[in-house]
Amino acid sequence: MNKTALQIIRFVVLVLLQVLVINHIRLGGYVHPYIYLIFIMLLPFSTPKWQLLVLGFALGLSVDLFTGTPGLHAGATTLMAFCRPSIIKLISGNQKFENIPEPNIGQLGGIWFLRYALLMVLIHHFALFFLESFSIRLIGQVLLRILLSVPVSTFLIMMILYIFKSEKKRE
Amino acid sequence: MYNLRRFILKHHFVILFILLEVISILLLANSQRFHRNRMVNTTNDVVGKIYEWGSEVGNYFRLNTANEQLAEENAMLRQRLSVVYDIDTSTYDISEGDTLYKYIPAQVVNNSTNQANNYIIINKGKIDGIERDMSVISTDGIVGVVTDVSRHYASVMSLLHSKSVVGVRIKQSQELASLKWGTNNYRYGMVEDIPTHILLQQGDTILTSSHSFIFPADLMVGTVEEFYPTAIDALNKAKIRFATDFATLRHVYVIQDLHKPELDSLKAKFQ
């Protein structure tokens with residue numbers, strides 16, 4: 001399939017999955033998982049840095065449209081996209097990705113991807129929940145939200161990626 | 001000029017990042033200041049449509065419960081009607097001029113309960129007569145206020161919103177207080193500014209006050225769950241359980257106050 005078409009489908013499906021399904025999950029009021037970040041995580045290694053930012057912003061803004069929070073997800077996702085090159089450098093050291101087009105579990109391994117996903121989710125959630133409360137007064141609650149949501153988001157993301165990994169093999 | 005261009009090219013990643021973040025924060029600050037989601041207005045019809053598709057799937061599974069709930073409400077209203085007018089309900093005709101409020105039924109197409117500021121999107125809009133600042137209730141209790149209207153949809157600021165304030169009164173004592181969310185749990189809200197001499201108990205009923213210009217008076221809000229008496233001279237607080245179950249909200253009514261234009265023009269004279 002055409003690479004661009006695949007990216008567009010991924011974008012739309014992830015946004016819809018997020019706003020129509022995942023946003024309705026209620027786990028005690030503090031757990032708010034976000035999985036649409038997968039789109040940014042799976043962009044090819046060769047993606048120009050400025051494209052990462054623009055796509056991150058667009059992705060966040062699309063989710064904002066549905067949640068009625070202009071700028072909230074856009075800000076958090078842009079920050080995450082900004083940090084992506086450094087995170088990749090941090091967890092892979094001198095490892096080169098010459099034969100690997102994009103981050104994936106199959107070629108890089110579950111452990112590599114778990115560290116990658118965890119760091120990305122952590123940055124995103126940190127920015128998101130702080131922007132959302134918009135005040136330092138509720139810091140306890142914000143930290144609790146981050147602490148509880150990060151593992152759930154990471155778990156869901158890893159699960160979704162594992163499901164798609166096996167799908168690809170069957171084809 | 002050359003140096004500037006070189007600088008921008010060299011640091012384009014960081015510059016673009018800062019630019020996008022500034023845009024995000026401005027958007028966010030703007031939406032919080034006016035606590036209206038203006039951006040939703042322009043795209044509301046598209047977003048509303050997508051949400052409607054999504055909720056239609058879920059609706060089939062809830063038809064039974066919804067039917068039961070509506071039938072129960074119907075029976076209750078018929079009973080009340082016969083008490084109020086002491087006549088046979090089937091022959092009494094209520095004409096337009098007799099009522100203070102018009103109820104517009106609507107369905108919830110999207111609803112969140114887990115954000116810091118929650119909005120509800122309903123499938124009635126401008127063409128159905130919905131306007132900004134109208135109040136929204138469910139069978140069980142109050143729900144929120146319309147903040148934005150598009151052609152076919154409207155977004156409602158639910159009680160589960162950090163900026164939501166509703167004038168309420170305590171049923172037994174008639175004392176006024178104000179309701180905020182303040183708990184971050186979709187089941188509970190906080191009633192603040194309760195006069196010091198009022199002591200509440202678990203189960204006491206909280207209704208809307210007639211001083212609220214948004215909701216009609218005496219609508220069910222919730223029941224007291226926990227009372228927090230504070231030090232002398234300070235006003236008391238109480239945690240209440242909302243009568244409305246925001247998690248399963250489906251059918252709501254938008255209330256149009258038929259006397260609102262009259263009230264507004266009167267209020268305008270004093271300003």
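This is a predicted model: local features need pLDDT of at least 70, side-chain atom pairs count only at pLDDT 80 or more; totals for chains, interfaces and linings use all residues.
Residues are numbered from 1 along each chain as its sequence is written, and chains are lettered from A in the order in which they are written.

In chain A, helix H4 (residues 72–92) packs against helix H6 (residues 110–133) at an angle of about 150°, their axes lying 9 Å apart; H4(A) and H6(A) are therefore roughly antiparallel to each other. Here axes are lines fitted to C-alpha atoms over the stretch in contact, with angles running from 0 to 180 degrees between N-to-C directions. Residues that H4(A) brings to the contact include A:Leu79, A:Met80 and A:Ile87, and those from H6(A) include A:Trp112, A:Leu119 and A:Ile123, contact being defined by C-beta atoms, placed from the backbone, within 7 Å. The residues of this contact divide into 15 nonpolar, four polar and three charged, where Ala, Val, Leu, Ile, Met, Phe, Trp, Tyr, Cys and Pro count as nonpolar, Asp, Glu, Lys and Arg as charged, and the others, Gly among them, as polar.

Chain B has four helices and twelve strands, these being DSSP runs of H or I of at least four residues and of E of at least two, respectively. Among contacts in chain B between residues at least 6 apart in sequence, 59% join residues at least 24 apart.

Key
Angles under 35 degrees count as roughly parallel, over 145 as roughly antiparallel, 65 to 115 as roughly perpendicular and the rest as oblique. Two residues are in contact if their C-beta atoms, placed from the backbone, lie within 7 Å.
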